[in-house]
2 protein chains.
Amino acid sequence: MIPLYNERNLLMSETQALASYLVVNRLEDIPQDVRHEARRAVLNYLGCAVGGSPHSAVDRALQALGPYSGKPTASILGRSERLDPLHASLMNGISSHVYDYDDTTPKNYIHPSSPVASALFAYASAHPVRGREFMHAFILGFEAESRIGNAVYPAHYDVGWHITGTAGVFGAAVAIGKLLGLPLQEMVWALGLAATQAAGLREMFGSMAKSFHPGRSAQNGYSAALLAQAGFTAGEHSLEGPRGFAAVQAAHYDLSKITARLGVDFDLRANTYKPFPCGIVNHPTIDAAIQLHHEHRLTPETIRAVRLRVAPLVLDLCNQRGITRGLQGKFSVYHGAAVGLVRGRAGLAEYTDEAVNDPAVRRVREAATAAGDPALTEDQAQVDVDLADGRTVSRLVEQSLGNIHRPLTDRQLEDKFRELAVLALPAAQVETLIAQCWRIDDLANVNELVQNAVPALAGSPA
Amino acid sequence: MIPLYNERNLLMSETQALASYLVVNRLEDIPQDVRHEARRAVLNYLGCAVGGSPHSAVDRALQALGPYSGKPTASILGRSERLDPLHASLMNGISSHVYDYDDTTPKNYIHPSSPVASALFAYASAHPVRGREFMHAFILGFEAESRIGNAVYPAHYDVGWHITGTAGVFGAAVAIGKLLGLPLQEMVWALGLAATQAAGLREMFGSMAKSFHPGRSAQNGYSAALLAQAGFTAGEHSLEGPRGFAAVQAAHYDLSKITARLGVDFDLRANTYKPFPCGIVNHPTIDAAIQLHHEHRLTPETIRAVRLRVAPLVLDLCNQRGITRGLQGKFSVYHGAAVGLVRGRAGLAEYTDEAVNDPAVRRVREAATAAGDPALTEDQAQVDVDLADGRTVSRLVEQSLGNIHRPLTDRQLEDKFRELAVLALPAAQVETLIAQCWRIDDLANVNELVQNAVPALAGSPA
């Protein structure tokens, strides 16, 4: 448990209590099941980052900001270009989130690994870091980020903050701060410099700027730790102060969630991995649609009308209609239903511009309506399909694939990793990476793994 | 006036209308009085940046982030080190705000020039820019920033946003975007990438992180323009969208202030320049205290008690007591009153750690009380001093020195420039700079001026 009282026996603020915990915590204090979940999170993250690395969003960010990079001491996951570690953090964050395929903690809708691991892999590609220290920093960054998110969720998210961006910067600052060995005062400043950079609007959903959020969070959190280390001061009540993160960025909040059972409960245990590369609230609908496709051997011509019954939040987040771009498809529950029913799958190929404009998919998408039902949880959905022969077929999903009660197995995570990583790397290298991820805690230098996550220099695609 | 309807005769959104205005505007469209006020703003900015450049906040930021700089093609105002233009923007922003001596638009409490000019001077030190184009970009960046601030003020500021940071990133994006010649679509994206980086908490006041805000805004706005130029997409309703800047970051807002009389009214006309390097709401109190010091030849021993009557906002912003650091003094109306009464002045020397801990100043500060009075405006204050001989002397200031009704003259601005710039530059160079600022519109290359704003390489203090 954490020291809630400081050495003068005064009750500590949340900022001070969290920073104290982070500074004194040892890897031995982390339970083994949490350490395994962290490896699963890192495997899933790495697949997303490598798979997303050829995306044009990364190309354009590199074109714009690459000329401003410092000494190219760091690797970009999946790519042959090298940048300084801060810019590499940004690129890793963009690539790992651009397909919306990375992990999610459903209790707060954060994509938690991207901001933390994007900074850590950039750091570890430029500086020697042992695997166990890397994973310890990852776990602490993940927990700090998720707990700070819990404190402001749902009001913070509901008003329009992209919580992956806002909470993410804390996660990156903590992870890099832990690797730097920041003492208490500097860790408090790092949290302050993170808080005052917390940003990212949901208005950006459907554009490249969404994936910019975890990238910039990684880069800004990393910078916050460096600035704090150099003695650049910040406010010391950045979480709980009257003009601090919670008060400014949430109409309602509960700061006790930051420190409650800290060191005992771990949000990593509530982490989930997506089977489909789109907004997680669409998953039960897609799951039901795919089941119906296979069970009734549906073809586009047999589908006359589609009725979706979903949790109300789904329509708040994913009500996009009349869409024309792949990125928009990720925020359209109608598109998810359509590809599930028409194609019987919802992989990366179903979220391209081509798939969104596929006439058969478009027709079924336009034949779909949705109703919000407060009786359904966000893991549940019902899909009713009226067929050309007059019949109606239905499927109610009560626990969506990939949710906390139907988690992807380690083998399913490996399969997902392969689907993604082969977009940028040779198959043999992909298998080596998978093996290294499972034994990352034992690596003497995480850069051994990073060098397998970039194309070999000979025959580089760049 | 601006085109409120697009070519298809549809009413444009605020984002689109603002971007359209910015793209089509020509320098000839800007009235001469606004162009002169812009030169005054740039002179004042440049003095603050050069004078603040030796501050330890800049040293520490350079120590932390300098090793990550790209090719050193840009100058840092006041310093001999060179960085890439993005990092130079950050350093310029820190130095120009660290003494809280830069300009203010009292209608929205933005320090408007720092985010805009910090990016522009970094850009112009690395790329050839004619003076007239530089000033045009400055004016448009200033106006966009201030108008976006107007739309969300006061709710946005009241809840705890440091509006210089949040609105500032728009100003920098617009200014650099104008220099880059962004077309409409890219200007809309630049505004979106600015919106989604808008950050900065008032909880940081009293620490170095406050001056980090305009610096990071300059750097992030500059990046937003570069990313947009490269085709990195963003949400296209970043100002007015349901999850956009105004809706997310203000409980109440009025978007019509962004476009009302755009091109006719200019917020530069409402810009003010501080005579004292501290929070502007303290100025009438300091003004009254200095007048009492001179009129009654006050010495510390003669002062028994001090009573301040101030606008309520003053106590909201500047109620710090029990202070020990110079930076805190800027947010203590009691400290402002004390130095005015004891020393008869409130220059940079009155906001050092030494001055805050000066026993005579401390005693008078601790003998001061303050009451908020809704009948007073933020330009007004009354100071009553009980003297050792039993008399009470009083002064009511109705228009504070430096406010819009008692503006600093061009000559007073030059004197202020000298006070600041000699902290980093030889006196002869300071005089050259002043002359160049007044004729900046005529410069063939603004870098001629920048090279007089850095120490000569021979005999460099670094």
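Where is B:Pro154 found? B:Pro154 sits in the loop between α6 (131–152) and α7 (155–159) of chain B, and the notes below start from there.

1. **Ground rules.** This is a predicted model, in which local features need pLDDT of at least 70 and side-chain atom pairs count only at pLDDT 80 or more, while totals for chains, interfaces and linings use all residues. Residues are numbered from 1 along each chain as its sequence is written, and chains are lettered from A and ligands numbered from 1 in the order in which they are written. Helices (H or I, at least four residues) and strands (E, at least two) are DSSP runs, numbered from the N terminus.

2. **The cis peptides.** The bond from B:Tyr153 to B:Pro154 is cis, with omega near 5°. In chain A, a cis peptide bond joins A:Tyr153 and A:Pro154, with omega about 5°. A:Pro154 lies in the loop between α6 (131–152) and α7 (155–159) of chain A.

3. In chain B, α6(B) has 22 residues and spans 32 Å from its first C-alpha to its last, close to the 32 Å expected at 1.5 Å a residue; the expected span is 1.5 Å times one less than the number of residues. Of the 22 residues of α6(B), 20 are buried, so the helix is largely enclosed by the rest of the structure. Here a residue is buried if 20 or more other C-beta atoms, placed from the backbone, lie within 10 Å of its own, exposed if 12 or fewer, and partly exposed in between.

4. **Two positive phi values to look at.** A:Tyr109 has phi near 60°, a positive value in a residue other than glycine. Its place is in the loop between α4 (85–97) and α5 (113–126) of chain A, and A:Tyr109 is buried, with 22 other C-beta atoms within 10 Å. In chain B, look at B:Asp100, a residue other than glycine with a positive phi near 50°. B:Asp100 is in the loop between α4 (85–97) and α5 (113–126) of chain B and counts as buried, with 24 C-beta neighbours inside 10 Å.

5. **The sheet of chain B.** Four strands form an open sheet with mixed pairing, in the order β4-β3-β5-β6 (chain B); strands pair if DSSP finds at least two bridges between them. At the edges are β4 (368–372) and β6 (392–397) of chain B, each pairing on one side only. The twist averages 15° from one strand to the next. Axes are lines fitted to C-alpha atoms, for helices over the stretch in contact, and angles run from 0 to 180 degrees between N-to-C directions. Helix α13 (residues 283–296) of chain B packs on this sheet, touching β3, β5 and β6 of chain B, and its direction makes about 40° with that of β5(B).

6. **Strand pairing in chain B.** Seven bridges join the antiparallel strands β3 (residues 303–310) and β5 (residues 381–387) of chain B. B:Val306 stands opposite B:Val385 in β5(B), and B:Ile303 has B:Leu387 as its bridge partner. On to the next pair: β5(B) and β6(B) are antiparallel over six bridges, with B:Val385 partnered by B:Val393 in β6(B). These two strands form a hairpin with four residues between them, and B:Gly390 in the turn has a positive phi of about 95°.

7. **How do the chains meet?** The contact takes 50 residues from chain A and 50 residues from chain B, where contact means C-beta atoms, placed from the backbone, within 7 Å. On the side of chain A that touches chain B, the elements giving two or more residues are α3 (56–65), α9 (184–195), α10 (209–229) and α11 (245–249) of chain A. The largest share, seven residues, comes from α10(A). That side divides into 25 nonpolar, 19 polar and six charged residues, with Ala, Val, Leu, Ile, Met, Phe, Trp, Tyr, Cys and Pro counted as nonpolar, Asp, Glu, Lys and Arg as charged, and the others, Gly among them, as polar.

8. **Symmetry.** A rotation of 180° with 0.0 Å of shift along its axis superposes chain A on chain B (RMSD 0.0 Å), which is the relation of a two-fold axis. The superposition is by least squares on the C-alpha atoms of residues with pLDDT of at least 70 in both copies. The same surface serves both copies, as 100% of the contact residues of chain A recur in chain B. Of the residues of chain A, A:Gly70 comes closest to the rotation axis, at 1.8 Å (C-alpha).

Methods. Two residues are in contact if their C-beta atoms, placed from the backbone, lie within 7 Å.
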